[in-house]
Amino acid sequence: MKEKIYGKDDQFDKYILPQLNSKGFTISYYQIIQDYLSDKLIIDDTFEFRRWSTGLLNMQGRVIDETAGVVHVVGRHEAYANIPMQINCSAPNTQAIPKWCRDYLVAPTGRRFVALDIGSAEPRALAGVADDEKLRSAISEGLYESIGMSLLKNTDIELPRKMVKRLFMGYLFGQSLGGVITTLAEISLDAGCARQIFQELQGLFPKSATFLQTVSLKNFAYLQGQYTDIDVSDKRRNQRRSYAASSIVAALVKRWAVRLSEMHSDWWVHEIPRDALWLSVPKQQRNEDILVIARKSLKMALTDCQFEGFPFDDKVITLKGIGA
């Protein structure tokens, strides 16, 4: 068994980081402004729009083509060995491209953008490390639909899927009762309803709950499926429990990017927003073929990282087109 080096992947640093720090994104800036002024682009968060639309013209690492009406931006990425081992991006933070702006991305000539997303990445990681068959079963059935039905059955409270997802991810990362009350206040549910839902969430997957509680009480970090000698006694308990799943996802996605690039050198990685890969591929590349290769490379990455318990099924990866 090979030794794990937490947060470090030499092949990722050699092959993927240079792509992230050179490819960047071209954004149809003038089209954004035109659509906004003509009410074709409706944005609820006006502050976010103004911050992004003006910020694009002031970002470091950007090139403006006034003739084409576009702005090209490149982030500065670092894959550093902090505890959750996420990839950091700054100047500008291209990982934070808002959803409304993604429709205005312009792929390089002869290419198109696709986003490959690992569905329920953290819950899958948790099911693997906790060896929780009940959670695995819920994932195979449709995790948030399954949780929503359980909440409805046991509390008589029906919640939208997006809210169920927020609540479960909050549970995974140690959200308190007070946090649940605040979250549910957004849909006008009172503290009594929130308390019922909070208690139900704690009891849905007892094996995972016990595992997370144990991890949260340890003074050494649980990373990539095992305890390490990294002292986390200065971290809050909810932080300690969050590392168990997030460290697996961070390591897995980095390894996945390497495997995918090895299999297809003409698939360029432009961004890695947490549990997804944003790629540009040749225009003629069919979505069906992309998904087949994406699943195969993810399976190889799971083997590389020794995450054998990670639930793998036909729904593990979703593909979406992004950009114009």
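Predicted model: local features only at pLDDT ≥ 70, side-chain atom pairs only at ≥ 80, totals over all residues.
Biologist: In the hairpin of E8 and E9, which residue takes a positive phi?

Modeller: E8 pairs with strand E9, residues 226–231, in the antiparallel sense over 3 bridges. The hairpin has 2 residues between the strands. The positive phi there, near 50 degrees, belongs to glutamine 224.

Biologist: What is the bridge partner of leucine 223 in E9?

Modeller: Leucine 223 is found in strand E8, which covers residues 220–223. Across the antiparallel pair of E8 and E9, its bridge partner is glutamine 226.

Biologist: Is leucine 223 buried or exposed?

Modeller: The cut-off for buried is under 20% relative accessible area. Leucine 223 has a relative accessible area of 1%, so this residue is buried.

Biologist: How many Å separate the C-alpha atoms of leucine 223 and glutamate 122?

Modeller: Along the chain these two residues are 101 residues apart. Glutamate 122 is one of the buried residues of H5. The C-alpha separation between leucine 223 and glutamate 122 is 13 Å.

Biologist: How many of the residues of H5 are buried?

Modeller: Helix H5 is mostly covered. What covers its buried residues includes E7, H6, H7, helix H10 (206–217) and H11. Among the buried residues are Ala121, Arg124 and Leu126. Of the 10 residues of H5, the number buried is 9.

Biologist: Which residue just after H5 takes a positive phi?

Modeller: The phi in question is about 50 degrees. The residue that takes it, just after H5, is aspartate 131.

Biologist: Which residue in E12 is the bridge partner of isoleucine 118?

Modeller: E7 and E12 run antiparallel and are joined by 6 bridges. In E12, the partner of isoleucine 118 is isoleucine 317.

Biologist: In the sheet with the order E2-E3-E1-E6, which residue in E6 does threonine 26 stand opposite?

Modeller: This open sheet also has 4 strands, with antiparallel pairing. Strand E2 (62–65) and strand E6 (105–106) stand at its edges. Strand E1 (residues 25–27) pairs with E6 over 2 bridges. Opposite threonine 26 stands valine 106.

Biologist: How many residues of the lining of the largest pocket are charged?

Modeller: The largest pocket holds about 1,300 Å³ of space. Its lining has 34 residues, with Lys99, Asp117, Lys165, Arg274 and Lys320 nearest the centre. Elements giving two or more residues to the lining include helix H4 (99–102), strand E7 (111–118) and helix H6 (133–155). Beside 12 nonpolar and 7 polar residues, the number of charged ones is 15.

Key:
Residues numbered from 1 in each chain as written. Heavy atoms only, no water. 1 Å grid on protein atoms, 1.4 Å probe; cavity = no way out; pocket = protein on both sides within 12 Å on 5 of 7 lines; lining within 4 Å. Points joined across faces, edges and corners; volume = space filled by probe spheres on them. Nonpolar A, V, L, I, M, F, W, Y, C, P; charged D, E, K, R; others polar. Buried < 20%, exposed > 50% of the residue type's maximum accessible area, 1.4 Å probe, protein only. Pairing = 2+ DSSP bridges. Contact = heavy atoms within 4.5 Å.
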